[in-house]
Amino acid sequence: MPSKRSTAAASPAASPSPSTTATTTTTAAAAASTPKLSSGPKTLSTNSSAFEIAQHVWQQYLTSTPQRTKMLDAFMGFLALIGAVQFLYCVLAGNYPFNAFLSGFSASVGQFVLTASLRMQTTNGGSGSGSASSGKTAAKGKSGGKFMNESGEEGISHERAFADFVFGSLILHFFCINFIN
Amino acid sequence: MADSPVDALLKGSSGRTTRGMLRIIILAIIAAAAVSSRLFSVIRFESIIHEFDPWFNFRATKYLVQHGFHSFWDWFDDRTWHPLGRVTGGTLYPGLMVTSGVIYHILRFLTIPVDIRNICVLLAPAFSGLTAFAMYLLTCEMTVSPSAGLLAAAFMGITPGYISRSVAGSYDNEAIAIFLLVFTFYLWIKAVKNGSIMWGALTALFYGYMVSAWGGYVFITNLIPLHVFVLLCMGRYSPRLYISYTTWYALGTLASMQIPFVGFLPIRNSDHMSALGIFGLIQLVAFAEFVRGFIPGKQFQRLLTTMIILVAAVAFLGLVVLSASGVIAPWSGRFYSLWDTGYAKIHIPIIASVSEHQPTAWPAFFFDLNFLIWLFPAGVYMCFRELHDEHVFVIIYSVLASYFAGVMVRLMLTLTPIVCVAAAVALSTIIDTYVLTTPGPLPRAKSSAESSSDGLRSTRGAVVGITSYVSKAMITVSVAIYLLLFVAHCTWVTSNAYSSPSVVLASRLPDGSQFIIDDYREAYYWLRQNTPENAKIMSWWDYGYQIGGMADRPTLVDNNTWNNTHIATVGKAMSSREEVSYPILRQHDVDYVLVVFGGLLGYSGDDINKFLWMVRIAEGIWPDEVKERDYFTARGEYRVDDEAAPAMRNSLMYKMSYHNYHNLFQPGQAMDRVRGSRLPAEGPQLSTLEEAYTSENWIIRIYKVKDLDNLGRSHNNAVAFDRGQKRKRATKRKGPRVLRTE
């Protein structure tokens with residue numbers, strides 16, 4: 001199912017630019033080229049191809065992500081789409097109102113990274129941790145002890161994270177509206 | 001401010017209010033010391049704006065206060081760069097003016113009527129107090145030792161490297177920019193530590209403020225991405241880093257683009273590309289981390305680094321291609337001159353001609369930083385020992401800033417904060433190690449407070465036990481002596497080197513009393529009173545802002561050196577013969593020409609000493625008409641006396657400087673006290689200009705450009721005709737004089 005594969009590449013990446021899609025395949029190919037790597041769970045065998053790995057990632061993502069995080073991801077995908085459309089328009093149809101293009105584009109990029117930050121804070125916060133966050137902390141491994149504020153970071157509550165998010169978004173959109181002319 | 005350092009301080013079980021109070025009092029005293037040590041110039045001279053650039057800022061502030069913000073934003077200034085004018089509102093960093101405008105209106109609102117000039121004069125000292133506080137916060141993030149923050153604040157408050165740009169009256173962008181620099185870095189460290197959007201957004205806001213205040217914001221723009229990049233390469237990616245960096249970049253870039261002068265630079269200019277590149281990179285890394293959550297593997301670290309290298313290479317290639325194809329503006333000239341110190345001298349004489357762009361002399365480091373400079377490496381070493389994220393920042397900052405400070409004198413300013421941090425860390429470690437448990441001699445009131453507050457700390461830190469009282473006493477006494485010497489040095493440097501307004505000069509009479517030389521203001525006031533409102537004044541660009549500010553007359557060029565050709569035109573007019581210069585003066589509607597001449601007083605910063613720069617800049621545009629070599633004698637000497645090169649003696653600048661000068665002396669005795677040379681007995685003859693005014697000590701000489709002759713003769717002929725009556729007498733006079741000398 002090639003359609004599923006392409007979504008797998010795009011949506012969890014929620015890439016800001018089309019280049020990331022290319023990187024996904026790079027990652028996957030590199031992962032496939034190092035056979036030791038796939039000591040992972042069930043379906044992933046040692047010599048699985050890039051396609052299989054991507055599919056595996058997609059399945060993992062579907063099963064392990066809580067609903068709220070998926071909504072954030074959908075929002076991020078939407079923002080990435082908007083950003084890409086604006087960028088395409090700029091490339092194809094010229095960048096005449098450059099201020100407007102810039103503020104529109106940076107609004108979507110800025111909102112994207114803010115949402116990504118919110119997602120990180122809420123998934124790492126403890127409650128909504130799927131295999132994603134646990135795997136992340138496990139993978140961090142040796143360097144984890146060095147971060148003094150690892151505990152402090154987990155101390156950020158979901159409400160605080162959301163308030164920060166709103167604060168950041170307000171500033172972002174104020175600047176954008178001011179810049180759009 | 002309920003920040004974590006303050007929190008940490010309040011955590012103690014007993015006497016915590018006392019300690020908190022002490023800290024606040026000490027900080028207040030440091031701020032007071034920082035402010036008061038900058039007031040030398042006000043006390044010694046008066047409340048006056050200093051130097052060159054501050055005069056423009058002052059003029060712009062007055063305009064802002066008078067006409068309101070919107071007309072300031074759209075300000076087209078037709079009184080500078082005649083006949084071009086300057087879109088001032090779009091080509092300045094408005095942060096400084098807006099800050100003082102806001103303060104002015106707040107004070108007015110509180111019904112405190114303060115003159116805008118006093119706000120401008122005292123803005124820099126006031127902000128230096130804030131800088132000391134920001135320094136305290138920044139240093140407290142770096143180390144657990146509570147004394148380090150206070151030490152750093154004290155250092156920052158009085159170190160000459162910072163005072164040099166922030167004495168009362170030096171109303172320049174740096175006055176608020178250093179505070180913003182330090183505070184932005186504090187917020188950045190805070191953001192990296194906490195990984196919250198709020199701190200990142202605050203960093204971005206203060207970064208935006210910084211962008212609006214000083215062109216040096218590029219330093220932050222490159223330093224923060226570099227910090228992130230190094231952390232990434234060290235394998236220290238964390239969501240905190242992603243959150244703080246992306247928030248900072250997305251918001252900060254937008255904020256910086258709000259300033260008209262910066263405009264689209266953040267996406268066009270190569271200076272800003274590293275930040276964009278790191279932004280893309282961290283997205284990739286974050287995505288990789290995200291994927292890693294699903295495919296756990298030991299090889300991932302290697303994969304990640306390969307990916308980083310690959311993408312960095314691709315991005316670098318892309319940058320090179322884009323730069324080469326001209327999509328991205330090339331690096332600005334000032335930036336090139338940072339990497340290649342010889343670059344400016346060859347390609348852009350105008351940048352090289354500015355004295356603050358010269359490379360730093362080695363003694364300047366000691367002069368500006370005193371004993372901090374040798375504590376600095378020790379502090380950096382301490383950072384290496386701990387090496388958390390924030391210590392990496394200190395290390396990168398210190399390496400970069402040391403290099404830049406070596407390249408350009410004015411960038412000493414960016415080095416100073418990090419030197420203060422590092423030195424404070426080093427010194428506080430020494431104090432903690434040696435003084436901690438002793439009730440014995442204490443270095444200073446400040447450190448006594450620190451060590452008393454350290455009493456509880458000793459149980460917690462792994463402090464190396466120094467028990468011998470002899471070594472304790474020795475170290476304590478030597479530290480105390482160094483600190484006292486530092487204070488004495490700072491006070492001395494501030495009062496002697498950095499407190500001169502340079503608009504008003506001071507000298508000492510033989511009996512020790514002070515003698516004020518006020519020629520600049522005298523001459524500018526003469527211009528203001530005796531010339532028509534729209535008389536165009538030509539002078540070398542150094543004096544453009546002062547003429548605009550003090551004399552309120554249009555100028556041809558000023559210190560905002562945006563148009564090299566126009567400056568070169570002035571340079572050509574100054575360095576050519578009268579016959580060449582006069583048409584240039586006429587074409588530019590020049591009414592008066594102003595030169596600065598220090599020969600009588602021995603004032604070395606005069607135009608004859610700057611003359612070679614005029615020649616060089618003019619030569620850059622008209623290499624056929626002006627040649628630097630012609631202004632030297634056959635033996636390559638730069639002389640003004642009998643043996644001066646013909647081009648030199650015929651140049652307008654030479655003629656204006658020495659016009660009638662020989663009449664002050666006995667025949668043949670005319671001396672130039674700056675160059676220490678005897679001038680020719682016969683003074684230069686001016687035919688197209690006439691002397692209009694010469695100030696008391698001859699520092700400023702103003703010449704009026706003659707109108708075209710009534711009878712259509714050339715000026716030379718007219719003057720010759722006027723002299724014609726006297727020619728016989730002149731020859732007669734000449735005869736005996738020759739005899740007399742023989």
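What follows is a short chat about a predicted model with chains A and B.

Trainee: What should I know about the numbering and cut-offs here?
Mentor: Residues count from 1 along each chain as its sequence is written, while chains are lettered from A and ligands numbered from 1 in the order in which they are written. The model is predicted: local features need pLDDT of at least 70, side-chain atom pairs count only at pLDDT 80 or more, and totals for chains, interfaces and linings use all residues.

Trainee: How many helices and strands does chain B have?
Mentor: Chain B has 33 helices and 8 strands; these are DSSP runs, helices being H or I of at least four residues and strands E of at least two, numbered from the N terminus.

Trainee: What order do the strands of the open sheet take?
Mentor: In chain B, 4 strands run β3-β4-β8-β7 with mixed pairing, where pairing takes at least two DSSP bridges between two strands. The edges are β3 (536-538) and β7 (689-694) of chain B, each pairing on one side only.

Trainee: And how do β4 and β8 run, parallel or antiparallel?
Mentor: Antiparallel, with 5 bridges between β4 (residues 590-596) and β8 (residues 700-705) of chain B. B:L594 is opposite B:I702 in β8(B).

Trainee: Switching to chain A, what is its mean pLDDT?
Mentor: It is 65, and 53% of chain A's residues reach 70 or more; pLDDT is the predictor's confidence in each residue, from 0 to 100.
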